[in-house]
Amino acid sequence: MSEAYDVIVIGGGPAGYPAAIRAAQNKLKTACIDEWKNPDGSATFGGTCLNAGCIPSKALLESSELLHRAQAEFATHGIQTGPVSMDVAAMQKRKAGIVKGMTGGILQLFKAAGVTALQGHGKFLGDGKVEFTAHDGSVKQLSAKHVVLASGSQPMPLKTAPFDGKSIVDSWGALEFDAVPKRLGVIGAGVIGLELGSVWRRLGAEVVVLEALPDFLAIADQQLAKEALKHFKKQGLDIRLGAKVTGAKAAKNGVQVEYSDSVGATQSLTVDKLVVCIGRRPHTQNLLGERSGVELDERGFIKVDHDCRTGVPNVWAVGDCVRGPMLAHKGKEEGVAVADRIAGLYAEVNYRTIPSVIYTAPEIAWVGQTEEQVKASGRPYKIGSFPFLASGRARAMEASQGFVKLIAAKDDDEILGVHVIGPMAGELIAEAVLAMEYSASTEDLQRTIHAHPTLSEGLHEAALAADKRAIDMPNR
Ligand code: FAD
Ligand code: NAD
């Protein structure tokens, strides 16, 4: 006899574990299977995000930013210190403690909600059957009325710079360095390259970032990208655009990297560590039995419709293993929505209002369309911008770099996109997400009272500026 469930979720990352919790909240008998193992042999829930992504990277960003501020900013406030330095082992220990607390918390959440936690490999065989292989090698047949696939993603390898786990590493490797590399090479000036490049740069590494595309941060509003590039260069990140890596090999004196530059000339570079972060690909190895019926697209993503249904009845897929941005909060919303749909409840994920945040300094965040996208759509638009230089709170925080940019339709005043570069941009964007979720107009934001002095006044003033009615700066 196989163990029978209403719902089995395969994958316990930020897409899978919320799906399991919501399914249990909906009174469905639920199990969540996860195979994650850490280098020390411990098995943990939380997937990439909690173990090797969002959480550890933000812990290191915080520590390294504090060091930078102590070194470069305290004196401006009149704070006198002796020489300030970083104990990398202590920094890593703090990070590991945060990760342990967060991943352990998922088991407690499962217990409280009544989810059965199964640690090991899950394989969907078809006809509601799931094979579970525990970490000790024992195999069990399980069955479920509904199966949710949430198997996540893995770093994309680069043929010309293969990972060796020591000198040429992926993002997880770059989160675990036990000493600051003197020279750090980063392939890919995407979100990971900028966040982890910033961490090690602030700790003293010479960082060279090689980006294949000619444009910097091509996915972002280009006015924001230009502003960001200016600040990153000033911080000492050596970002080389149009650089195509042709080879990388670990040698005695470091990793030799060969690349062709933006005009096609051959260049070489020697670094102590090389991080390859050129994107991630869906992780579906050994996930599906031959008779599962679940289809993958040409890039290896599990094919789903708008509601995360695969073509197989009662089989769903969510998070990084399906189309859409690879973001923890996108996966979470999909997981929760699927668990509600399974229970016959209404659920909807609004893919037009998924915020993006890059946790650099200055921080970068946006929601909705970029100016380039609005322009291409042909819809007449207006823009309101507000520089943090005019914000009393930002000045008091010694963080007056950057701006808020709001794009709205000229015809009906609908907010189409909000782009922020500056202090706490990732927190500020939440207001714009809420506004867009409720189809707010700039007038709605203009009539909303914002506390003074706060950074959020920046969004208020940008909304006013869209109609040339800003108060705290000249209208142009
Ligand atoms: P994952 O988190 O990858 O989880 C999938 C889980 O399924 C894993 O535990 C895996 O072991 C397990 N699994 C896979 N196959 C099986 C199987 N057959 N049987 C059992 N278990 C299986 N996103 C943000 O939104 N904000 C950030 O700040 C952010 N920072 C990041 C920083 C880094 C360095 C990285 C690498 C990523 C970051 N991301 C961030 C992206 C984020 O981590 C992912 O979008 C998110 O983890 C995807 O969630 P998921 O549940 O779909 O997949
Ligand atoms: P990315 O897609 O953000 O960036 C990859 C970069 O590498 C791109 O700029 C791309 O043009 C470049 N590239 C691709 N091939 C290259 C090559 N051969 N040589 C040089 N450059 C090359 O991917 P990532 O930074 O690896 O991050 C992976 C995923 O994780 C992203 O989807 C991201 O959303 C997610 N993530 C999110 C956060 C966050 O939300 N703050 C943080 C980290 C990661």
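Trainee: Which residue has a polar backbone atom 3.3 Å from an oxygen atom of ligand 1?

Mentor: The model is predicted, so local features need pLDDT of at least 70 and side-chain atom pairs count only at pLDDT 80 or more, whereas totals for chains, interfaces and linings use all residues. Residues are numbered from 1 along each chain as its sequence is written, chains are lettered from A and ligands numbered from 1 in the order in which they are written, and side-chain values use heavy atoms, without hydrogens and water. A polar contact is a pair of N or O atoms within 3.5 Å; within protein, one must be able to donate a hydrogen and the other to accept it, and residues adjacent in sequence count only if both atoms are side-chain atoms. The residue whose polar backbone atom lies 3.3 Å from an oxygen atom of ligand 1 is Leu327.

Trainee: How many residues surround ligand 1?

Mentor: A backbone N or O atom of Gly122 is 2.8 Å from a nitrogen atom of this ligand, and one of Asp320 is 2.9 Å from an oxygen atom of ligand 1. Gly122 and Asp320 belong to the closest residues, together with Asp34, Thr48 and Lys58. Counting each residue with a heavy atom within 4 Å of the molecule, the surroundings of ligand 1 comprise 37 residues.

Trainee: At what distance does a polar side-chain atom of Glu211 lie from an oxygen atom of ligand 2?

Mentor: Ligand 2 is surrounded by 20 residues, the closest being Ile192, Glu195, Glu211, Gly279 and Val357. Backbone N or O atoms also approach oxygen atoms of this ligand, that of Val191 at 3.2 Å and that of Met326 at 3.3 Å. For the polar side-chain atom of Glu211, the distance is 2.6 Å.

Trainee: What area is buried between domain 1 and domain 2?

Mentor: The domain assignment, whose bounds come from an automatic or database source, gives domain 1 (3-155 + 281-349), domain 2 (168-278) and domain 3 (353-465). The C-alpha centres of domain 1 and domain 2 are 28 Å apart, and 22 residues of domain 1 contact 15 residues of domain 2, with contact taken as heavy atoms within 4.5 Å. Buried area is the accessible area (1.4 Å probe) that two parts lose on being put together, summed over both. Carbon and sulfur atoms give 67% of the area buried here, which is about 1400 Å².

Trainee: Which helix supplies the largest share of the side of domain 1 that touches domain 2?

Mentor: Three salt bridges cross this interface, where a salt bridge is a side-chain nitrogen of Lys or Arg within 4 Å of a carboxyl oxygen of Asp or Glu; the side chains of Glu65 and Arg202 meet in a salt bridge at 3.3 Å, N to O. Eight residue pairs, both at pLDDT 80 or more, are in polar contact across the interface. At least two residues of the domain 1 side come from each of α2 (47-52), α3 (54-72) and α5 (88-113), helices being DSSP runs (H or I, at least four residues) and strands likewise (E, at least two), numbered from the N terminus. With nine residues, the largest share comes from α3.

Trainee: Which residue does a cis peptide bond join to Ala361?

Mentor: Most peptide bonds are trans. Here omega is about 0°, and the proline involved lies in the loop between β17 (356-358) and β18 (363-368). The residue joined to Ala361 is Pro362.
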